[in-house]
Every structure is written in structure tokens, then in C-alpha cells.
Amino acid sequence: AQQLEAEIQQELQDLYMEKANFRVQFTKGKFSRDGNEHVEFYISTNPGEDFKPLVKVASGGELSRVMLALKIIFSRSIEATSIIFDEIDTGVSGRVSQRMAEKMYQLGVGSQVLCISHLPQTTALADTNLLISKEIIDKRTLTVIRELTEEQKIAEVARMVSGDTMTKLSEEHSIEMLRLAEKTKEEIKEKLNK
């Protein structure tokens, strides 16, 4: 538990929660087939605040970052695996979403990561992008999944940035985001190979 606390503390710092403190708390209980202790995660997100149960006080963005930190830590002790994130980047934006996207990409270097996201930072860093949509075919609603081409990926990132109306500026911004994402991927791979 102490090792987990220290590792989560480090990951939370990397995810821009520098002032948060994390604790694993054990409470004695009745003996059962699962043991005689109840384990609960506690967090203090700001200096001067008491530790409180994570499930009661963490915002959506904070909870997303703690979950990502846990996945990162647990992936270190597991060989290649598949990890699914369903909108884990909900409740965050800007630099936090960028860092979360980088951490997910880092996980994906050694494992398969499937991530449902609505953020351009996450989409830009993905190796493969699938667009999920619903279409009415023969009076039935069907879910359709399509792999995006490079041009479609540019358009999708631009749409995420600017909404339904894609402008020349949002397209240029999308191209720049994708260019920077490729550079970031290379930096992450170099760092992991050291």
C-alpha cells in the first residue's frame, strides 16, 4: 500500500495534480473469505484539506486522472495486455488532456489501448482512429465503425476543435496538432527505449 501511494503520488504530479495527496486506508472488519480488512482510497486534493474517500470528493477530472494513474502503475507489473478507456479524459481539457493523451500513448507502446474520446489531443496521438456513428439503413438504426484515413483524421480533429463548421483555420490547427503529436510519439518512444 505504501509503494502504491508513492507511485500514485508521482503519477498524479505528472498529471498536474501536484498538490494532491493519496492514501490507502485499511479498516478492520469481520473475517470473511476476502480477509478481515476493508481497503479504501482517500485523497486530499488541496493543501490544508483533510483526507476524504476518493469516491465522495473527487471531481470527474480528478477521478479520471486517478484511474489513469492506477492503470499506468498496474500495467508495469503485467506483460502486454489490452486496456480499454471509455471517455477517461472526461472532465479535463487543455494541458491536462494533453498529458493524459501522452500517458495513454505511453501505455499503448507496450500494450493495446482502446480509447473512446471526444478530445482532439487524444485523437491526435492515436495510431489508428475509428469513427463510430449511427446510421439508419433499411429503417433500422445501426452502429457503423469506420477507420479514418489521414485526411479524415485531419477533418475529425478540426471538427473537435471548432464544432460542426470546419474553417481553414481549424483545419490548419488540426494539421499542426497532428504534426506535434507525431513528434510527441517519437519523444515518448525514445524515452521508453532508454
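This report walks through the sheets, cores, helices and a few individual residues of the structure above.

## About the model

This is a predicted model, in which local features need pLDDT of at least 70, side-chain atom pairs count only at pLDDT 80 or more, and totals for chains, interfaces and linings use all residues. Residues are numbered from 1 along each chain as its sequence is written, and side-chain values use heavy atoms, with hydrogens and water left out.

Helices (H or I, at least four residues) and strands (E, at least two) are DSSP runs, numbered from the N terminus. Two strands count as paired if DSSP finds at least two bridges between them.

## The antiparallel sheet

Let us start with the open sheet, where three strands follow the order S1-S2-S3 with antiparallel pairing. Its edge strands are S1 and S3 (52-53), each of which pairs on one side only.

S1 joins S2 (residues 35-44) through nine bridges in the antiparallel sense. Within this pairing, Phe-26 has Val-39 in S2 as its bridge partner.

## Two nonpolar cores

A nonpolar core here is a set of buried Ala, Val, Leu, Ile, Met, Phe, Trp, Tyr and Cys residues joined through side-chain atoms within 4.5 Å. Buried means under 20% relative accessible area, exposed means over 50%, and partly exposed lies in between (1.4 Å probe, protein chains only). The largest nonpolar core has 14 residues, and those with the most contacts inside it are Leu-4, Ile-8, Leu-12, Phe-22, Ile-43 and Val-66. Helix H1 (2-14), strand S1 (21-32) and helix H3 (60-75) each contribute at least two residues to this core. The largest share, four residues, comes from H3. A second, separate core holds 12 residues, including Leu-68, Ile-83, Phe-85 and Met-100.

Leaving aside residues up to four places away in sequence, Leu-12 touches Met-17, Glu-18, Ala-20, Phe-22, Ile-43, Arg-65, Val-66 and Ala-69, where contact means heavy atoms within 4.5 Å.

Next comes a parallel pairing: S4 (residues 82-86) and S5 (residues 112-116) are linked by five bridges. Ser-82 stands opposite Gln-112 in S5. Together with helix H4 (residues 94-110), S4 and S5 make a right-handed β-α-β unit. Right-handed means that, with the strands pointing away from the viewer, the path from the first strand over the helix to the second runs clockwise.

The loop between S4 and H4 contains Thr-90, which is partly exposed with a relative accessible area of 42%. The side chain of Thr-90 reaches the backbone oxygen of Glu-87 at 2.7 Å. Not counting residues up to four places away in sequence, Thr-90 touches Gly-60, Gly-61 and Ser-64. Ser-75 is 15 residues from Thr-90 along the chain, and their C-alpha atoms are separated by 21 Å.

## Ser-117 in its loop

Ser-117 is found between S5 and H5, in the loop. Ser-117 counts as buried because its relative accessibility is 15%. Its side chain makes a polar contact with the side chain of Asp-89 at 2.6 Å. A polar contact is a pair of N or O atoms within 3.5 Å; within protein, one must be able to donate a hydrogen and the other to accept it, and residues adjacent in sequence count only if both atoms are side-chain atoms.

A polar atom of the Ser-117 side chain also lies 3.0 Å from the backbone nitrogen of Leu-119. Not counting residues up to four places away in sequence, Ser-117 touches Asp-89, Thr-122 and Met-160.

S6 and S7 (residues 140-147) pair in the antiparallel sense over eight bridges, and Ile-132 has Ile-145 in S7 as its bridge partner. The two strands form a hairpin with two residues between them, and Asp-138 in the turn has a positive phi of about 50°.

Buried in H6 are Lys-153, Ile-154, Glu-156, Val-157, Ala-158 and Met-160. The buried residues of H6 pack against helix H5 (120-125), strand S6 (130-137) and helix H7 (168-193). Just after H6, Gly-163 takes a positive phi of about 90°.

## Asn-193

Asn-193 has its place in helix H7, and counts as exposed at 69% relative accessibility. Asn-193 and Arg-159 are 34 residues apart in sequence and 34 Å apart in space, C-alpha to C-alpha.
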